[in-house]
Amino acid sequence: MDTSSLLWGLFFGSIGFGYLVYGRRQRAVVPLVCGLALMIYPYFVSNTIVLVALGAVLMAIPYFVRL
């Protein structure tokens, strides 16, 4: 792991924690699941470009998908 992967993982993990808290308080499933995914996936992705692309997609899903 290099420094950029660690920092991007920290960034997406903190955004994911915010989504998780919001999803639990509002009882909204989509932000809750996306927040959990944002906190977990940096452990499994080592390529920085894939890390950023997947994080951007996971951050955008609650904006476009409303259940």
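**View 1. Ring pairs link Trp8, Phe11, Phe12 and Tyr41 into a cluster.** Rings of Phe, Tyr and Trp (its six-membered ring) count as a pair if their centres lie within 6.5 Å. The structure holds 5 aromatic pairs. The model is predicted: local features need pLDDT of at least 70, side-chain atom pairs count only at pLDDT 80 or more, and totals for chains, interfaces and linings use all residues. Residues are numbered from 1 along each chain as its sequence is written, and side-chain values use heavy atoms, with hydrogens and water left out.

**View 2. Tryptophan 8 and phenylalanine 12 form a stacked pair.** Their ring centres lie 5.6 Å apart, with 20 degrees between the planes. Planes under 30 degrees apart count as stacked, over 60 as edge-to-face and the rest as tilted. Both residues lie in helix H1 (residues 3-26), 4 residues apart, about one turn of the helix. Helices are DSSP runs (H or I, at least four residues), numbered from the N terminus. Tryptophan 8 is partly exposed, at 33% relative accessible area. Phenylalanine 12 is buried, at 3%. Buried means under 20%, exposed over 50%, partly exposed in between (1.4 Å probe, protein chains only).

**View 3. Phenylalanine 12 and tyrosine 41 form a tilted pair.** The centres are 6.3 Å apart and the planes meet at 45 degrees, so the pair is tilted. This pair links distant parts of the chain, 29 residues apart. Phenylalanine 12 is in helix H1; tyrosine 41 is in the loop between helix H2 (29-40) and helix H3 (48-64). Both residues are buried.

**View 4. The charged end of arginine 66 sits over the ring of tyrosine 63.** It lies 5.8 Å from the ring centre. A charge sits over a ring if NZ of Lys or CZ of Arg is within 6 Å of the ring centre and within 35 degrees of the ring normal.

Note on methods
Helix = DSSP H or I, 4+ residues; strand = E, 2+ residues; numbered from the N terminus.
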